[in-house]
Amino acid sequence: MGNVMKAIQSLTMKFEDDYVSAFWLSNCYELLCVVKTAQDKEAREQVRRRNQAGNARRGEEEATEAERALDKLRGDLDYLLIEIYHGWVKELKKRLSHMIVPAVIENQSLPGYICKQSGGLWGKWGKSTATSQFSIEQLLNFLSKLSKTMRCYYMEDSMTRQMLTELLRVIGISAFNHLLMRKSFCTWKRGVQIQYNVSRLEEWCTSHGIAEATLHLQQLLQAAKLLTLNKTSPQDIETIFDVCFLLNPTQIKKLLSLYYAADFDSPLSPELLKIVANRAVLNEKSDVLLLDLEQAPDFVKPNPRTVDQVEKFVPAWISLPLISQFTNNMAQKWRKS
């Protein structure tokens, strides 16, 4: 069995195909369910043997051996499940990292609000102002394809939700942190475009049954909203702090200091910036500017469910006589118990 585990691990850790990862993550969980059910049946069988007269000691020895084998198998499957999950999530994050900023921050899908400023070094590198390397549609297609792959292989629901929610967390934090570091970029029109892109992500989450994942997009949404609010009077500053309640004063100060007055917009006056600075200085030492991308939530392993019966079907075109014999024997044993 150890060789089988090593072979599965070797195959899945290549991460050459999402289908392979989804297949084995789903099947590792199914195998865990089978082993858990077998453990429960073995426990009941052990109680039955203890109640019988005769070879009680021999029965206990056989039961102990079976329990040890099942415990080891379950431990190996637990380890493999966690390895595949974390390894796959890491690989998905790597692929996603190249898409987030172009699709969420730079992509301009609304034709009436095209901003010509690229901002900072990005403008010097000659990136397109109206289009970006990845669009919000491509990002959504990436998530949709991943979700469909998980459904096709009947991945356990809580694992699917955790994985997609973690990717949405990475999108929200990465985009937010980038926006706080982008000079000559934060304009009113950019705020409108980013709000639209975030709304598309929120719609995707709701339509795919993970509405709770939108919580990870709220700070980015409020940062984009800040760019579109009026900034001409002290009352406007109060409104900004009220509307952007998820942002701390240091983050608001940073965004306003980066605000770029484009087209017919008016720049922030030094008096207003001083008001913001005075509010931020009170908590400047304790406030965190950038969000922590590395502090991911722990993976909550799903509890194995009870398996009513073992499916003994093996396709005729696959020559696996030993597997077929094993599944037949298991199915017969399941019916007897």
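These legends walk through close-up views of a predicted model. Local features need pLDDT of at least 70 and side-chain atom pairs count only at pLDDT 80 or more, while totals for chains, interfaces and linings use all residues. Numbering starts from 1 along each chain as its sequence is written, and side-chain values use heavy atoms, with hydrogens and water left out.

View 1. Helices (H or I, at least four residues) and strands (E, at least two) are DSSP runs, numbered from the N terminus. Of the 337 residues, 43% count as buried, where buried means under 20% relative accessible area, exposed over 50%, and partly exposed in between (1.4 Å probe, protein chains only). Among contacts (heavy atoms within 4.5 Å) with a separation of 6 or more, 81% join residues 24 or more positions apart.

**View 2. Helix 1 packs against helix 2 at about 145°.** Helix 1 covers residues 2-12 and helix 2 covers residues 18-51, and their axes are 9 Å apart. Here, axes are lines fitted to C-alpha atoms, for helices over the stretch in contact, and angles run from 0 to 180 degrees between N-to-C directions. The crossing is left-handed, a term for a near helix turned anticlockwise from the far one by less than a right angle (right-handed if clockwise). Look for Ile8, Leu11 and Thr12 on helix 1, meeting Val20, Ser21 and Trp24 on helix 2. By class, this contact has four nonpolar, two polar and no charged residues; Ala, Val, Leu, Ile, Met, Phe, Trp, Tyr, Cys and Pro count as nonpolar, Asp, Glu, Lys and Arg as charged, and the others, Gly among them, as polar.

**View 3. The second largest pocket has a volume of about 200 Å³.** Of its 13 lining residues, Tyr85, Val89, Glu166, Ala296 and Pro297 are the closest to the centre. On a 1 Å grid over the protein atoms alone, a pocket is an open set of points where a 1.4 Å probe fits, with protein on both sides within 12 Å along at least five of seven lines; lining residues have an atom within 4 Å of a point. Grid points are joined across faces, edges and corners, and the volume is the space filled by probe spheres set on them. Helix 3 (56-97) and helix 7 (157-180) each supply at least two lining residues, and helix 3 gives the most, with five. The lining has six nonpolar, three polar and four charged residues.

**View 4. Tyrosine 113 sits in the loop between helix 4 (100-106) and helix 5 (120-124).** Tyrosine 113 counts as partly exposed because its relative accessibility is 32%. Setting aside residues up to four places away in sequence, Tyrosine 113 touches Gln108, Trp188, Lys189, Val192 and Gln193. Tyrosine 113 and glutamine 193 are 80 residues apart in sequence, yet 7.1 Å apart in space, C-alpha to C-alpha.

**View 5. Threonine 250 belongs to helix 11 (residues 249-258).** With 15% relative accessibility, threonine 250 counts as buried. Beyond its neighbours within four places in sequence, threonine 250 is in contact with Ala280, Asn283, Glu284, Asp287 and Leu289.

**View 6. Leucine 273 is found in helix 12 (residues 270-281).** Its relative accessible area is 34%, so leucine 273 is partly exposed. Not counting residues up to four places away in sequence, leucine 273 touches Leu256, Ser257 and Leu268. Leucine 273 and leucine 256 lie 17 residues apart in sequence and 7.6 Å apart in space, C-alpha to C-alpha.
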